[in-house]
Amino acid sequence: MIFFYYIFAVIVYIIAAPFLLILSFCKEKYKVSLKSRFFLHKNLKQKQGDVYFHACSFGEIKSLIPLIKLFPACKISTITQTGFCEASRHSEKVNFFPFEIFVPFWIRPCKVLIIFEAELWLMLVLMAKFYNAKVILLNARISDRSLKNYKRFSFFYRLIFKYIDVVFAQSQKDKERLEYLGARNVIVYKNIKANIKQGQMKNYSKPKARIIIFASTHENEEQLLLDEIKLEENDKLIIAPRHPERFGEVEGILKDFCQKNHYNMQKFSDFTLSENDFANFFKTKCLLLDALGELENFYKISDVVFLCGSFVNNIGGHNPIEAARWNNVIISGKYYFNQESLYQEVDDLYICESVKDINDFLRQKLSQARVKEQNDLNEVILSIKEGLDARKSL
């Protein structure tokens, strides 16, 4: 079956390669990642390291930072440009993960492979076992929405799980679903994204105003919310798009909103004052937060957070933990199917069933969200160290 899978992947690659090459020149977000992943541009060989972390994108890499810091000689691979940039802040051994057909010739030996969530690539786990590595699936989940597809291709996932030694699942429900697909040694460990610790924070001065953030917005979401929201005189609005390639698009949407309502606006990237003078910015009504890595600094001084990716039905929500740590009122849409376990880790998180109700929430005196007490990562760390120790003697 592995042979036929590989041949099928080669055929798919031959068909798709011309389109991927064109796309890599047309879209800025794919300019580096597609060339690296599908044409091995500046990515001919994986960098060396005994511990190997693989995760998809920015949020997943950020979740792994506590573990990455414990194993500083580790290597990391990721799929997206934002994930690559975040990983590069913490390690020099970072690669884009290539398409499956290149993995057998690209990957270098490791002693422990840690895969995050749903990054189940057959050639990755197969080659890791070829080099006798311990394979750990961390933060594993199967959402209600994706369950049907997992069952449809259960024969394929049963093959993958033959090569995975330990699975840390987000919930009991996830454990049962994973075991149905053939996973062994499944441990219910909650969602480790709840364990993310804030790094060094900037100290922006809080103005005498209610700060409202549309956090991690996606396509169509900004317009959906702006069409409904009614800002009061003492409100300031911040919009933080999830993806940097949309900064220009969202700037236009926010500019139209401000012109219609006679508000002034500013882009964070145009702001040059020091942290201590930052309160001067809030002479304007609206801010476009067009910078990665700044959102938590604003959570620290905000009052109400609309946690986006949940007001449109194709994303599945985002992590509420960072916003909840800073005593914010958190309002989410109803489409949070990818974050159910994390939502359960936060008390007093409000779900808005219809976007038309957002002003009703803003008029109420709501409780601030609170993060429940979290588990540490000791069991995961022990599993990694056991893998390293076992392979020292080989």
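Tutor: Helices (H or I, at least four residues) and strands (E, at least two) are DSSP runs, numbered from the N terminus. The model is predicted: local features need pLDDT of at least 70, side-chain atom pairs count only at pLDDT 80 or more, and totals for chains, interfaces and linings use all residues. Residues are numbered from 1 along each chain as its sequence is written, and side-chain values use heavy atoms, leaving out hydrogens and water.

Student: Which are the edge strands of the open sheet of seven strands?

Tutor: Strands pair if DSSP finds at least two bridges between them. The sheet has parallel pairing in the order β3-β2-β1-β4-β5-β6-β7. The strands that pair on one side only are β3 (94-96) and β7 (186-188).

Student: By what angle are neighbouring strands of this sheet turned against each other on average?

Tutor: Axes are lines fitted to C-alpha atoms, for helices over the stretch in contact, and angles run from 0 to 180 degrees between N-to-C directions. For the strands of this sheet direction is ignored, and the average is 20°.

Student: Which residue in β4 stands opposite Phe53?

Tutor: Strand β1 (residues 51-54) runs parallel to β4 (residues 112-116), and four bridges join them. Opposite Phe53 stands Ile114.

Student: What angle does helix α6 make with β4?

Tutor: Helix α6 (residues 122-130) packs on the sheet, touching (heavy atoms within 4.5 Å) β1, β4 and β5 (134-140). Between the directions of α6 and β4 the angle is about 165°.

Student: How far apart are the end C-alpha atoms of the "transmembrane region"?

Tutor: The UniProt annotation, from an unreviewed entry, covers residues 6-26; such annotations may be inferred rather than shown by experiment. Over these residues the chain is 100% helix and 0% strand, with its end C-alpha atoms separated by 29 Å.

Student: Which residues does Met1 contact, leaving aside neighbours within four places in sequence?

Tutor: Met1 lies in the segment before α1 (2-26). Its C-alpha atom is 44 Å from that of Ser332. The contacts of Met1 are Phe155, Phe156 and Leu159.

Student: Why do the buried residues of α16 line one face of the helix, and within what arc do they fall?

Tutor: In α16 (residues 378-392), Val380, Ile381, Ser383, Ile384, Gly387, Leu388 and Arg391 are buried, meaning under 20% relative accessible area with a 1.4 Å probe, protein chains only. They pack against β1, α3 (58-70), β4, β5 and β6 (166-169). They line one face because, seen down the axis of α16 and taking directions from that axis to the C-beta atoms, they fall within an arc of 160°.

Key
Expected span 1.5 Å × (residues − 1). Buried < 20%, exposed > 50% of the residue type's maximum accessible area, 1.4 Å probe, protein only.
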